[in-house]
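User: I have a structure open here and a few things to ask about it. Can we go through it together?

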Amino acid sequence: MINGDVSFWWNQIGRPAPRPPLPGSTRADVCIVGAGYTGLWAAYYLKKAAPQLRIVILEQRFAGYGASGRNGGWLTNSVTGGREQYLRSHGRDAAAGFQAAMNDTVDEVIRVAAVEGIDADIVKGGEFTVAYDRPQQRRLEAAVRAEQAWPHTDVELLSAEAATARINVAGSTGAMWHPHCARIQPAKLVGGLTRAVLALGVEIYDDSRVSEITPQTARTRHGTVQAEFIVRATEGFTAGLAGLHRAWLPMNSSLIVTAPLPAAVWAGIGWGDRATLGDMAHAYMYAQRTADDRIAIGGRGVPYRFGSQTDSDGQTPASTIEALTGILHRFFPGTADAAIEHAWSGVLGVPRDWAATVGLDRQTGLAWAGGYVGTGVATTNLAGRTLTDLILGRESALTALPWVNHRVRNWEPEPLRWLAVTALYQAYTHADRAELTRRRSTSPLATLADRVSGRGH
């Protein structure tokens, strides 16, 4: 089994050939810090709209090195932090409009992939969320009612029989499904998007980690880039920038992937529509059936490292691999003999209120996008289009969305930050174990953790 090596996704297709670092100090019209989905989408739409702009992207390792090349491959319509948070500040229509924009974003990514010839194993099979005990079933039914009270959600409640017919999760009590989600191979998408951006004339410099961003300046050990607009697209690595150590917490998430499963195993599992798969546990899992018939399955593992530390190449603790393997076997007993071929981890950005944001301070020229809390595969595209309109000074439906220029206070200093996150996920883990063993039907600790984190379950 391979442990780390960035991700299975990159291991499957091969890492890109290294590009040169920044050759020295220079000037540009727009400098983007971070060559993940956010930075690449912003560069793509900016260059399409204004081909005369000189756009420079600075990347610490290589394009797609972070969460963009390590995630679970869910191109889904989630509004990070939930629509309800915008009711008081912007009203119901604005919140519903945000949901509609996210639905459209899923299709926009699929459209661009087709136009640019990016084969990212995209299958729009929807998002399938399963329950497998009574407390989860109650949360599932409540979640369906809540979703169906909003327009543009298109959520269906499935009985245990209907759920099992689609994906045969052992002990399933029911599921919900919606159509606005596609499975992707993350590295193929980010690799294809990188090629498209380079073909437009955008400059990408590898091995050019930015240590500090100030108005109109991004600093690296190779020199500085001065530009009218500096875009911070660093997501889970934001804490490494000077002055931003407490801005977004780097949350760890881990995945494992099986060897390709034989047809006899798939005959028992089903999963023919290639929907993404999640559950109603507090410390939830996420999974996909890959193009070559593996199961990739992920979850939190060790959620946070003291001092907002980030990993390098995705090395994953043995205990996390064991826990994810246990979920795999519990969901699909027919995988008991399947080899686990790769495990890896990465970090995602978590703001203090668990709500993503995109914005621009026109006085300083500093722009930003991120804090996706694991829902960034689609949201990054919306961010890239929104940044384009903001930088070009265009008022649009995108710049009027309620997450634009949203601000939030910093995380607490250590050790309070570590204690809070560790306690939150211990509460979730305790609640899930209690529910599985039928010792408790509800968990006050998990309810408290939901209130702290802002999560719906």
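Predicted model: local features only at pLDDT ≥ 70, side-chain atom pairs only at ≥ 80, totals over all residues.

User: What does α7 span, and how long is it from end to end?
Analyst: Helix α7 covers residues 186–199, 14 residues in total. From its first C-alpha to its last it reaches 20 Å, close to the 20 Å expected at 1.5 Å a residue.

User: Which contact is there at the start of α7?
Analyst: A side-chain oxygen of Gln185 comes to within 2.8 Å of the backbone nitrogen of Ala187.

User: Switching topic: which residues touch the most other members in the largest nonpolar core?
Analyst: Val30, Ile32, Ile57, Val197 and Trp403, out of 74 residues in that core. Helix α4 (residues 92–115) supplies the largest share of this core, nine residues.

User: And what does Ile57 touch?
Analyst: Leaving out residues up to four places away in sequence, Ile57 touches several residues, including Ile32, Leu40, Val197, Val202, Ile204 and Tyr205.

User: What about a second core?
Analyst: There is a separate one of 31 residues, and Ala163, Ile256, Leu261 and Leu328 belong to it.

How values were computed
Residues numbered from 1 in each chain as written. Heavy atoms only, no water. Core = buried A, V, L, I, M, F, W, Y, C linked by side-chain atoms within 4.5 Å. Buried < 20%, exposed > 50% of the residue type's maximum accessible area, 1.4 Å probe, protein only. Helix = DSSP H or I, 4+ residues; strand = E, 2+ residues; numbered from the N terminus. Contact = heavy atoms within 4.5 Å. Expected span 1.5 Å × (residues − 1). Polar contact = N/O pair within 3.5 Å; in protein donor to acceptor, adjacent residues only side chain to side chain.
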